[in-house]
Amino acid sequence: MMTEREKPKAVGSSTIARLTLHLVLDAIRRGSGLDGRGAASNGILLPLCTGMSMAMTLTSIREALPEEEKGKKNVVLWSRIDQKSCYKAIASAGMRCVVVQTKVNAETDEVVTDMGAMAKALEENEGNVLAIITTTSCFAPRVPDAVDEVAKLCQKNDVAQVINNAYGLQCDRTSKLINRACVVGRVDAIVCSTDKNFLVPVGGAIVMSPKSDVTKSIGKIYPGRASGSPILDLFITLLSMGLDGYKGLLAERRRLVGVFEQKLRSVAEKHGERMLVCPRNTISFGVTLDHLTGSQSEDGDSSEVSYFGSILFMRCVSGTRVVPRGQDKKMGNDLFEGFGSSTSNFAHSYLTAACAIGVSEADIDEFSNRLGKAFKEYAAKKRKQALKAKEGK
């Protein structure tokens with residue numbers, strides 16, 4: 001980890017940490033496109049997952065408050081996204097999470113930020129809100145939050161904004177959105193995963209901020225010593241690939257997005273499904289699974305969708321998510337209706353797959369092939385069940 005000064009008993013590790021920070025910030029500025037005078041002007045590397053890095057960031061923001069406000073501002077507004085780590089991060093920081101519901105875009109399948117609900121939540125918790133957590137890297141049908149509009153709201157109400165950009169560095173459109181947010185309003189921190197963006201083992205994050213005091217504060221509150229392995233892994237990887245290598249991976253991913261989308265659409269339509277229409281998410285793509293449960297069924301059989309997921313798993317397809325329609329889940333004191341889709345009443349069961357950094361055209365071909373076989377296997381199972389039922393009569 002890189003704090004505000006080197007550790008006298010660990011000069012070598014401190015030097016590696018400082019070099020790695022400079023290398024990764026350079027890659028982010030000249031490769032990913034985050035502004036070196038704004039969003040990526042300051043940074044700190046942490047040997048922690050994204051969720052724990054979020055918790056540390058929230059704690060540091062609270063610690064920077066005047067003493068009379070520390071006990072009062074304990075509410076974090078969270079634009080709903082159905083991933084558990086962020087919710088747990090808020091609880092780990094000792095704060096109360098207020099889930100702000102999203103809405104479905106009337107013209108597409110996109111699940112988007114509900115700015116009206118956000119403003120209402122701010123009003124209802126006036127004087128108690130420490131921060132708003134938004135997300136810019138997410139599974140379809142969720143799309144990046146309107147962080148620029150939230151930034152204006154935060155600036156107006158003197159509330160911090162923390163952006164969960166876990167794997168968003170690989171998308172130039174997301175970087176442009178974050179750059180804009182830093183210009184038009186308030187952004188306190190952007191939290192990114194090192195493994196999801198730089199192809200290193202799991203366990204590291206970089207927190208960036210337009211404000212140097214934010215990253216310095218995070219460094220000061222880190223308790224005890226930490227493993228240097230996540231930083232060393234990143235250092236070796238960045239030296240190995242170089243800036244040109246990293247830019248090449250980003251360019252190849254951009255090229256393959258169209259290929260991935262076309263092949264996924266072809267498989268979906270061949271088996272009576274369709275692609276979810278989410279143009280503002282260019283990393284994660286969704287395919288309906290309505291024929292597994294009955295088209296837009298109110299109470300479709302989630303076990304059928306889960307079974308389809310198990311077929312994919314047995315074919316060694318990792319990274320896909322199958323989401324049954326209408327499933328509920330409780331986290332803490334909050335009930336999440338329609339869990340998985342990041343909104344309460346999404347119209348479809350579906351699966352998602354990502355066109356992420358490091359993917360190759362051969363990988364896409366193999367995935368399309370295995371997905372098609374999974375649909376065929378499921379259809380064969382249903383025919384067999386129907387035949388047995390007919391014979392039973």
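How many nonpolar, polar and charged residues are in the lining of the largest cavity? I began there, noting that the model is a predicted one.

**Entry 1: cavities**

The largest cavity holds about 70 Å³ of space. I listed its lining as T136, S137, C138, P144, Y167, G168, C171, T174, R280, N281, T282 and I283. Sorted by class, that lining has five nonpolar, six polar and one charged residues.

**Entry 2: the loop between β6 and α6, and helix α6**

I checked the peptide bond from A140 to P141 and found it cis, with omega near 10°. P141 sits in the loop between β6 and α6.

I then went on to helix α6, residues 147-157. Which residues of α6 are buried? I noted V147, D148, V150, A151, L153 and C154. I also looked up what covers these buried residues, and the cover includes α5 (115-124), β6 (129-135), β7 (160-164) and α7 (172-184). After α6 comes D158, with a positive phi near 55°.

I placed Y87 in helix α4, residues 84-92. Is Y87 buried or exposed? Its relative accessibility is 10%, so Y87 counts as buried, the cut-off being under 20%.

Leaving out residues up to four places away in sequence, I found Y87 touching W78, C97, V99, M331, G332, N333, D334 and F336. With D334 there is also a side-chain polar contact of 2.7 Å.

W78, Y87, F336 and F339 are linked by ring pairs into a cluster. F336 and F339 are both buried.

**Entry 3: aromatic pairs**

I ran the search over the whole structure and got 12 aromatic pairs. One of them is Y307 with Y378, a tilted pair at 6.2 Å centre to centre and 45° between the planes. Y307 belongs to helix α12 (residues 302-314) and Y378 to helix α13 (residues 361-392), so this pair ties together parts that are 71 residues apart in sequence. I checked accessibility for both partners: Y307 is partly exposed at 30%, whereas Y378 is buried at 5%. I then looked at F336 and F339, whose ring centres are 6.2 Å apart; their planes stand at 85°, so I logged the pair as edge-to-face.

**Entry 4: T215**

I found T215 in helix α9, residues 212-221. Its relative accessible area is 8%, and T215 is therefore buried. Which residues does T215 touch, not counting residues up to four places away in sequence? I noted N42, G43, I44, V207 and S209.

I looked up L199, which is not a glycine and has a positive phi of about 60°. L199 is in the loop between α8 (194-198) and β9 (205-209). At 42% relative accessibility, I logged L199 as partly exposed.

I also looked up S342, another residue other than glycine, and its phi is positive, near 65°. S342 is in the loop between β13 (334-336) and β14 (350-354). Is S342 buried or exposed? S342 counts as buried, because its relative accessibility is 4%.

Key. Residues are numbered from 1 along each chain as its sequence is written. This is a predicted model: local features need pLDDT of at least 70, side-chain atom pairs count only at pLDDT 80 or more; totals for chains, interfaces and linings use all residues. Side-chain values use heavy atoms; hydrogens and water are left out. On a 1 Å grid over the protein atoms alone, a cavity is a set of points where a 1.4 Å probe fits but cannot get out, and a pocket is an open set with protein on both sides within 12 Å along at least five of seven lines; lining residues have an atom within 4 Å of a point. Grid points are joined across faces, edges and corners, and a volume is the space filled by probe spheres set on the points. Ala, Val, Leu, Ile, Met, Phe, Trp, Tyr, Cys and Pro count as nonpolar, Asp, Glu, Lys and Arg as charged, and the others, Gly among them, as polar. Helices (H or I, at least four residues) and strands (E, at least two) are DSSP runs, numbered from the N terminus. Buried means under 20% relative accessible area, exposed over 50%, partly exposed in between (1.4 Å probe, protein chains only). Contact means heavy atoms within 4.5 Å. A polar contact is a pair of N or O atoms within 3.5 Å; within protein, one must be able to donate a hydrogen and the other to accept it, and residues adjacent in sequence count only if both atoms are side-chain atoms. Rings of Phe, Tyr and Trp (its six-membered ring) pair if their centres lie within 6.5 Å; planes under 30 degrees apart count as stacked, over 60 as edge-to-face and the rest as tilted.
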